[in-house]
Amino acid sequence: WLKQLAQNLLQDACCFAQLDPPSMPEGDKVLLKSSQGEIFEVEPEVACMSTLVRNMVDDSGTDEEIPLPNVKTAILSKVIDYCKYHKDSPPEEIQKPLKSTNLVECGVSEWDNEYVNIEQEVLFELILAANYLDIKSLLDLTCAKVASMIKGKNTEEIRKQFNIVNDFTPEEEAQVREENRWCEDA
């Protein structure tokens, strides 16, 4: 048990520093299991970009599958692609607030910009997965994409963009607009 504890501590330190764990045998992988039961074999330094996974590896090591019941197979595959790409090149900080609807002008790399150039439904599932897996840079990127989709649009345009039904009566809408007039003046 002491050997396992030492390996887990070393693994955690290496995951935190994003280094290859020297004590892990070559070919040792972290097994991530999607909500649909598909298993992904992932390098520890890639998998440990997720704080959730890193904590589970610390607790149980890499011998057992790590179940991810909130992440579908296709989304987990995209998350792994992101982590593989950024394993050796952490993304730049995204400017906040966004100065443009073009994410590249806000500090996002071309690769990341293309990565989030996806269908809305997939984008929202990626947001949920990044939040669940605790991958801050991916959560920031996906939320910045949504913010860029909203930036500069009025209420009706935003409703149309995200298929939001207006369930306010005209009187309720007028009241909300009056209470939030300062928002539109800014």
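# A cavity, a sheet and a core

Visitor: How much space lies in the largest cavity?

Guide: This is a predicted model, in which local features need pLDDT of at least 70 and side-chain atom pairs count only at pLDDT 80 or more, while totals for chains, interfaces and linings use all residues. Residues are numbered from 1 along each chain as its sequence is written, and side-chain values use heavy atoms, leaving out hydrogens and water. On a 1 Å grid over the protein atoms alone, a cavity is a set of points where a 1.4 Å probe fits but cannot get out; the points are joined across faces, edges and corners, and a volume is the space filled by probe spheres set on them. For the largest cavity, that space is about 80 Å³.

Visitor: Which element gives the largest share of the lining of the largest cavity?

Guide: The structure holds one cavity of 30 Å³ or more. Helices (H or I, at least four residues) and strands (E, at least two) are DSSP runs, numbered from the N terminus; H2 and H4 each supply at least two lining residues. The largest share, four residues, comes from H4.

Visitor: In what order do the three strands of the open sheet stand?

Guide: Two strands pair if DSSP finds at least two bridges between them. S1 (residues 30–33) and S2 are antiparallel and joined by four bridges, whereas S1 and S3 pair in the parallel sense over two bridges. The pairing is therefore mixed, and the order is S2-S1-S3.

Visitor: Which strands stand at the edges?

Guide: Each edge strand has a single partner strand, so one of its sides is left without a neighbour in the sheet. The edge strands are S2 (39–42) and S3 (66–67).

Visitor: Which residues make up the covered face of S1?

Guide: In a regular strand, side chains alternate between the two faces of the sheet. The uncovered face of S1 has Leu31 and Lys33; Leu31 stands opposite Glu41 in S2, and the bridge partner of Lys33 in S3 is Pro67. The covered face consists of Val30 and Leu32.

Visitor: Which residues have the most contacts inside the largest nonpolar core?

Guide: A nonpolar core is a set of buried Ala, Val, Leu, Ile, Met, Phe, Trp, Tyr and Cys residues joined through side-chain atoms within 4.5 Å. Buried means under 20% relative accessible area, exposed over 50%, and partly exposed in between, with a 1.4 Å probe and protein chains only. The largest core has 38 residues, and those with the most contacts inside it are Leu32, Val53, Leu68 and Val79.

Visitor: Is Asp134 buried, partly exposed or exposed?

Guide: Asp134 lies in the loop between H6 and H7. Most residues other than glycine have a negative phi, but the phi of Asp134 is near 60 degrees, a positive value. At 39% relative accessibility, Asp134 counts as partly exposed.

Technical notes: On a 1 Å grid over the protein atoms alone, a cavity is a set of points where a 1.4 Å probe fits but cannot get out, and a pocket is an open set with protein on both sides within 12 Å along at least five of seven lines; lining residues have an atom within 4 Å of a point.
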